[in-house]
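This report describes selected contacts, ring pairs and cores in one protein model. The sequence and structure come first.

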Amino acid sequence: MASAGAEGSARALSPFPSSPSAPSALERPRLISALSSSATFVALVGPVGAEAATLLRQWASQTSASITWAVAEAIPDTAEDVLIIEDATSIDAAGWEQVRALRRTHPRLLIRTAVHSFRQVPPEEDAEFVFSLSLTLEETSEYLYRLASHLDPRAVHLATGGLPAAVRAVAHLKTMRSEIVDSALATLSPGPLDAELAVLAAPEALTQELVVELGGPSDFIDRAERAGWGKWTSTLEHPLFMLTAPVRAATAQAHPSDRVETVREQAGRFLLQQGAWYGALIEGAAARSLPVIDAALRGAGMPLLKMHGVSIAARLRGFHVWELRRWPIVALALALIYNARHEHRVRAVELMGVALLGARTAPSGSAERALLRVIESVLQRLLGTGDSGVKAARDGSRMIRELPSDEFQSVHGLLGDMHSHAAVSLLSAGEHAEALAEFERALATAARPATEILSLGAIAWITAHSGDVMAAQRWVQTAVARPWSDDQRNGYLGCLLRIAEAQICIEKGQLDAAENAINSVWHMIDTVEYWPLLAHVRAQIDICRGRAGVGLERLRALRRHRSARISREYTRLLDLADSGLALAAGDPVAASTLVPRASDSPLVALGAARAVMFAGQYERALRMLGSITAVSPAERTHAAVLEAVVLHRLGRASDAARAAQHAVTVAEAYELTTPFLLVPVDDRELFDIEMPWPTPTIRAGEATASLTDRECVILRELVDTASASAIADHLHVSVNTVKSQRRSLYRKLGVTSRQQALTAAVAQGLLGTRVR
């Protein structure tokens, strides 16, 4: 059974908990559920202090089956529904043969037991193993809350490793002072290591090779695991053996040494050589060695932050922010971890600033400069400064490609990450062609699966967004054919892939599948930087589902919550989604607030032309269409659809028919349907195409607001000034009267500002051509 991990969110502690009674046992429903599996043989695997026997007793008290209890030294000849062997670590060969004999005579017998190592159960028993006996951070927090403890759950979890017996011992303390915590842990079983092994308790993370490096016996980890002194921890790149907190504390107390920090730095450097990045980071943090931490983060990249972010932040908490100014990679890593939590955004911005300063000033060779230039791109993108990292991304990519062979090899393991980070900056700035090339480079140089799924998803989305549905589908098929985990598919790494899947499904009319794809990653909407892409695709689904009004409210609430520090391209994409939802909701006045800008992408410019067309300004819409250079299949189809509708409205039937036929031809060639989604109901006969979903009933040319004479006067005054006082003086009325009439005007136009009011008035022909 896969480990549940220990990186969950801690429950916030109430400052004045309501005196709950002290719990007699730690509650771990997920493990009780694992014991309730339909498997015939289930074994809990954990070290001394994991309280596996307590779990077995808790499960037994909740089951209605008849239970026979046994110990390793006395396996019974008969049993009822369930046989529970409280501790199977010392069962010998004869004992296991007796267990097999018992199972032969009772074919439906369920067996539940506990061991320190899965190797203590013979393979022929075909057991299902449960390894995750340590408390998660959330469970540690819950236990402390129930005890009315004011200790920091993260500090307790870090000090104990989540070992239940250790958490219980520390939870009753009044302080987290290290000497007091260590004294409490040292009293627990199984006690200290022998003096000749004491050096092995200095590091927190061990490998077989590190044990030998430190002068220990080659079979130490096997012996330690079987004795219950520690457990294996899975990481992304290298398994680590971790002695339990009580063993390490007891050994340090029994055999004190002044070389612990030196040994831990030695261990960190050795683990770097093995590629055991997380272990190296643990030891580097304990030894306060920023060079080791920096090297570990370089080696592991973003996946390390995703898997162990909470733990990394806790371990690096002791470093002052200005200590990191010469270590931009460390500062960036912490900034990304904190940026994922809304309540830590201020801290994240501070760290980003420090990392940006370091990236710009750190002296180094060209390979280092390329890396730091990419880091600068990431930071500018996240901070929303300058050009959002476009120039830095281009420079970093160019430097990578121009590296001499020796320096190229020095960053070979990072090339995929460097290219992908540069590509994300280019993507967020709307430089899709450059981003596509950069993601392809990332895919070609990827050293980790994480880079592969991110790059494949990004290529699929860019291709789908351009309108080449068939090509995008092939990229998605390439991606989903790989054995990704659900965490990868439905997490940050798979977000772009899910968005691409949703876009393809919308074009095919598979709205349930599209919504499922978006819902699978929507849980990250508050943290993922691609949230405008998620919101844009969600808006299309809402229009197709006929719930544009609800979608518009959701989008605007989301923008109020998350609009800070996003690129101009993403802002305009959200403006386009807002306008489309407003049209589908029957509010073309609100849609007309999307006005063209010189820097707009063709799709946004087409959206602005659509809003003008719906306002009945057909000649103006036609002029706008003539100024747009449509290149991609999606752009060409949208442009041809709009041109056909405008020409039809202007009475140019033959020209409209040719444009409509061109739109249908391109759409069918690339399997596009969304360009026809917002066609007015009176113009749909132009297009011989069957829509896969009901289209909204919307009409063009009916968006003129009905204004009173006084509101018309106020509107004309707004052309020359935004000052209510100046308007009042000119009209010889009170300022309050002007403000009241202005509010009424804004309400009728569906706007909230002077500029929006003037834009809507021009779109509806209420001001002629006076407004520039």
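Ala 313 lies in helix α14 (residues 302–315); helices (H or I, at least four residues) and strands (E, at least two) are DSSP runs, numbered from the N terminus. The model is a predicted one, in which local features need pLDDT of at least 70 and side-chain atom pairs count only at pLDDT 80 or more, while totals for chains, interfaces and linings use all residues. Residues are numbered from 1 along each chain as its sequence is written, and side-chain values use heavy atoms, with hydrogens and water left out.

Ala 313 counts as buried because its relative accessibility is 9% (buried means under 20% relative accessible area, exposed over 50%, partly exposed in between, with a 1.4 Å probe and protein chains only). Not counting residues up to four places away in sequence, Ala 313 touches Leu 334, Ile 337 and Tyr 338; contact means heavy atoms within 4.5 Å. Ala 313 and Ile 337 are 24 residues apart in sequence, and their C-alpha atoms are 7.1 Å apart in space.

**Glu 529**

Glu 529 is placed in the loop between α26 (511–522) and α27 (531–544). Its relative accessibility is 19%, so Glu 529 counts as buried. The side chain of Glu 529 makes polar contacts with the side chains of Arg 381, at 2.6 Å, and Tyr 492, at 3.3 Å. A polar contact is a pair of N or O atoms within 3.5 Å; within protein, one must be able to donate a hydrogen and the other to accept it, and residues adjacent in sequence count only if both atoms are side-chain atoms. With residues up to four places away in sequence left out, Glu 529 touches Arg 381, Leu 382, Val 424, Tyr 492 and Tyr 570.

**Aromatic rings**

Rings of Phe, Tyr and Trp (its six-membered ring) pair if their centres lie within 6.5 Å; planes under 30 degrees apart count as stacked, over 60 as edge-to-face and the rest as tilted.

| Pair | Centre to centre | Angle between planes | Class |
|---|---|---|---|
| Phe 41 and Trp 96 | 6.3 Å | 35° | tilted |
| Phe 220 and Trp 229 | 6.2 Å | 40° | tilted |

Phe 41 in strand β1 (residues 41–45) and Trp 96 in helix α3 (residues 93–105) are 55 residues apart, and their pair links distant parts of the chain. Phe 41 and Trp 96 are both buried. Phe 220 counts as buried because its relative accessibility is 0%. Ring pairs also join Phe 118, Phe 129 and Phe 131 into a cluster.

**Nonpolar cores**

A nonpolar core is a set of buried Ala, Val, Leu, Ile, Met, Phe, Trp, Tyr and Cys residues joined through side-chain atoms within 4.5 Å. The largest has 105 residues, and those with the most contacts inside it are Phe 439, Ile 499, Tyr 530, Leu 534 and Phe 687. Helix α22 (residues 449–466) gives the most to this core, with ten residues. Leu 534 touches Cys 495, Ile 499, Ile 518, Val 521, Trp 522, Ile 525 and Val 528, not counting residues up to four places away in sequence.

**Helix α33**

Of the 17 residues of α33, 13 are buried, so the helix is largely enclosed by the rest of the structure. Gly 651 follows α33 and has a positive phi, near 80°.
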